[in-house]
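Please walk through this model with the structure open beside the text, taking one region at a time.

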Amino acid sequence: MSEMMQAAVITGPGVAAVQLVPRPEPGAGEVLVAMEGCGVCASNLPLWQGRTWFDYPALPGAPGHEGWGRVQALGAGVQGVRVGDRVTFLSYNAYAQYDRVQADALVKIPASLDGQPFPGEPVGCAMNVFRRSAIEPGQTVVLIGAGFLGAIFTALATARGARVIAISRRGFALELARRCGAEETVILDDHQRVMERVRQLAGERGCDRVVEATGHQWPLDLAGELVREGGKIVIAGYHQDGLRQVNVQLWNWKGIDVINAHERDPRVYLEGMRAGIAAVESKMFPLKELITHSFSLEELGRAYQALEGRPDGFLKAMIRIEQ
């Protein structure tokens, strides 16, 4: 095995290159993973686009955090995993041929999912968002933003017995939401029109849960309008590019609960990833169908451009990694 590897490096805003860098060696309690692929996450768009608080170049392989592959080597003291096991994991440098991972930060992918891309981190995130939302049978749930996370959430909420109204600016995403179980869909085009349409569907009282999954200001405003008194707003979008304002007067008057559904405890993340594997095995949602675009390591820039522009038919991109 060569002591060098290829890794994508974001060298500046909007610029990426593949460089030859030293391959990491697993230390005590670590494993070396030969990468198969890594998902591309919208939360990293600010790093790609450039912000004053980022330094460049980024570390080799960063900010890839949705990786999966096969265990190549074990560090001292590692138990419970073997060379050759297929795994998904928590890390931040997965846009590379190899990644060094803490042995307690990975989850084994069962043989039943061999050959299927499995970005465990975003799947686990979606499972944890659903858990934190506390969906109950018979509730009316509005989902604003029917992307990758939204499609998984829709399938899970529908299976729980909730009525899901999916809202998105993209017709493709709404069609997919319907296939995942959404009872109604609404185009996100005009604030007042969306409010009127949801009230027609849900009644003047409003919705039990509103899940904001876009990461933008306007849908956050809309969420406050659509939730019922005593309901819950679930913030699942990535608000990583600056400050947000909310109508605290309205939110306070309605007496709503606001749930920031992003987990930061690695143990909880891993629980979500395990739950996601079980859900995919039981065909609760079509993971293969949700990964719509594939790019090589050399095409990381194109992947981020697709994520920015979201062309018709785009939902989730992955970077495929050749050894």
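In this predicted model, a search of the whole structure finds zero disulfides. A disulfide is a covalent bond between the sulfur atoms of two cysteines. Cys-38 takes part in no such bond, since the nearest cysteine sulfur, which belongs to Cys-41, lies 9.4 Å away, whereas a pair must come within 2.5 Å to be counted. Cys-125 is likewise in no disulfide, and the nearest cysteine sulfur to it, again that of Cys-41, is 7.7 Å away. Cys-38 counts as buried, at 0% relative accessibility, and Cys-125 is also buried, with a relative accessible area of 3%.

The open spaces of the model come next. Rolling a probe the size of a water molecule over the atoms shows where empty space is left. The largest pocket holds about 910 Å³ of space, and of the 38 residues that line it, Ala-42, Ala-213, Thr-214, His-216 and Arg-310 are the closest to its centre. Two or more lining residues are given to this pocket by each of helix H1 (45–49), helix H3 (148–160), helix H6 (217–226) and helix H10 (300–309). Sorted by class, its lining consists of 18 nonpolar, eleven polar and nine charged residues.

Arg-310, one of the residues closest to the centre of the largest pocket, is found in the loop between H10 and strand E15 (317–320). Its phi is near 45°, a positive value in a residue other than glycine, and with a relative accessible area of 25% Arg-310 is partly exposed. A positive phi, of about 60°, is also found at Lys-283, which is not a glycine. Lys-283 sits in the loop between helix H8 (266–281) and helix H9 (287–290), and it counts as exposed because its relative accessibility is 71%, where the threshold is over 50%.

The second largest pocket has a volume of about 390 Å³. It is lined by 15 residues, and those nearest its centre are Ser-43, Asn-44, His-65, Tyr-92 and Arg-264. By class, this lining has eight nonpolar, five polar and two charged residues.

Although Ala-76 and Glu-30 are 46 residues apart in sequence, their C-alpha atoms are 7.6 Å apart in space. Not counting residues up to four places away in sequence, Ala-76 touches Gly-27, Ala-28 and Gly-29.

A last stop is Lys-232, in strand E12 (residues 227–235). Is this lysine, Lys-232, buried or exposed? Lys-232 is buried because its relative accessible area is 19%, and the cut-off for buried is under 20%. The side chain of Lys-232 makes a polar contact, at 2.8 Å, with the side chain of Asp-257. Leaving aside neighbours within four places in sequence, Lys-232 is in contact with Asp-257 and also with Ser-133, Asp-208, Arg-209, Val-210, Val-227 and Ile-259.

Definitions and conventions
Residues numbered from 1 in each chain as written. Predicted model: local features only at pLDDT ≥ 70, side-chain atom pairs only at ≥ 80, totals over all residues. Heavy atoms only, no water. Helix = DSSP H or I, 4+ residues; strand = E, 2+ residues; numbered from the N terminus. Buried < 20%, exposed > 50% of the residue type's maximum accessible area, 1.4 Å probe, protein only. Polar contact = N/O pair within 3.5 Å; in protein donor to acceptor, adjacent residues only side chain to side chain. Contact = heavy atoms within 4.5 Å. 1 Å grid on protein atoms, 1.4 Å probe; cavity = no way out; pocket = protein on both sides within 12 Å on 5 of 7 lines; lining within 4 Å. Points joined across faces, edges and corners; volume = space filled by probe spheres on them. Nonpolar A, V, L, I, M, F, W, Y, C, P; charged D, E, K, R; others polar.
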